[in-house]
Amino acid sequence: MVNDISFHVRAKASRLLGGLRGVSTQYLLQAFSKELFGRGNKLKLSRTKSNDVSAAGDFDLTQCADVNVLDSGAGAFVHGLEDEYYQVRMATIDSICELSCGSPEFARIAVEFLVDMFNDEINAVRIN
């Protein structure tokens with residue numbers, strides 16, 4: 001949903017990420033990385049070269065035979081913070097802040113990404 005064509009859906013999905021409770025810190029941290037961490041391997045997510053929108057999704061996972069559903073959140077925060085719409089960026093920042101309250105390890109990693117948002121061109125995002 002974070003990669004949906006509608007920015008309203010992306011913003012709502014980003015906002016809902018902040019409500020995740022009881023999720024392993026490993027999976028939360030994976031949302032800051034565009035790599036899938038699995039059974040001893042790393043797979044890099046890459047955008048497909050086609051501009052066609054398909055039900056198959058935006059990522060090429062042909063290298064991967066077995067992808068866990070929980071791995072589908074890989075890169076969710078990165079995509080949200082880099083989104084072209086400020087509403088999505090603000091919703092992602094709010095979610096990261098919510099989740100940082102529950103995990104000190106997550107908060108340490110999140111700080112690097114949040115500090116980078118001070119350079120955003122939109123004032124509302126910077127002061128969020």
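Helices (H or I, at least four residues) and strands (E, at least two) are DSSP runs, numbered from the N terminus. The model is predicted: local features need pLDDT of at least 70, side-chain atom pairs count only at pLDDT 80 or more, and totals for chains, interfaces and linings use all residues. Residues are numbered from 1 along each chain as its sequence is written, and side-chain values use heavy atoms, without hydrogens or water.

**Whole chain.** Colour by secondary structure. The protein chain shows 6 helices and 2 strands. From the N terminus, the order is α-α-β-β-α-α-α-α.

**Helix pair.** Select residues 7-17, helix H1, and residues 86-100, helix H4. The two pack at an angle of about 10°, axes 7 Å apart (lines fitted to C-alpha atoms over the stretch in contact; angles run from 0 to 180 degrees between N-to-C directions). H1 is therefore roughly parallel to H4 (under 35 degrees). Show side chains next. Contact (heavy atoms within 4.5 Å) involves, among others, Phe 7, Ala 11 and Leu 17 of H1 and Val 88, Ala 91 and Leu 99 of H4.

**Arg 89.** Stay on helix H4 and pick Arg 89. Is Arg 89 buried or exposed? Arg 89 is buried, with a relative accessible area of 4%. Now find its partner: the side chains of Arg 89 and Asp 120 form a polar contact of 2.7 Å (a pair of N or O atoms within 3.5 Å; within protein, one must be able to donate a hydrogen and the other to accept it, and residues adjacent in sequence count only if both atoms are side-chain atoms). Not counting residues up to four places away in sequence, Arg 89 also touches residues including Leu 81, Glu 84, Met 117 and Ile 122.

How values were computed:
Parallel < 35°, antiparallel > 145°, perpendicular 65-115°, else oblique. Buried < 20%, exposed > 50% of the residue type's maximum accessible area, 1.4 Å probe, protein only.
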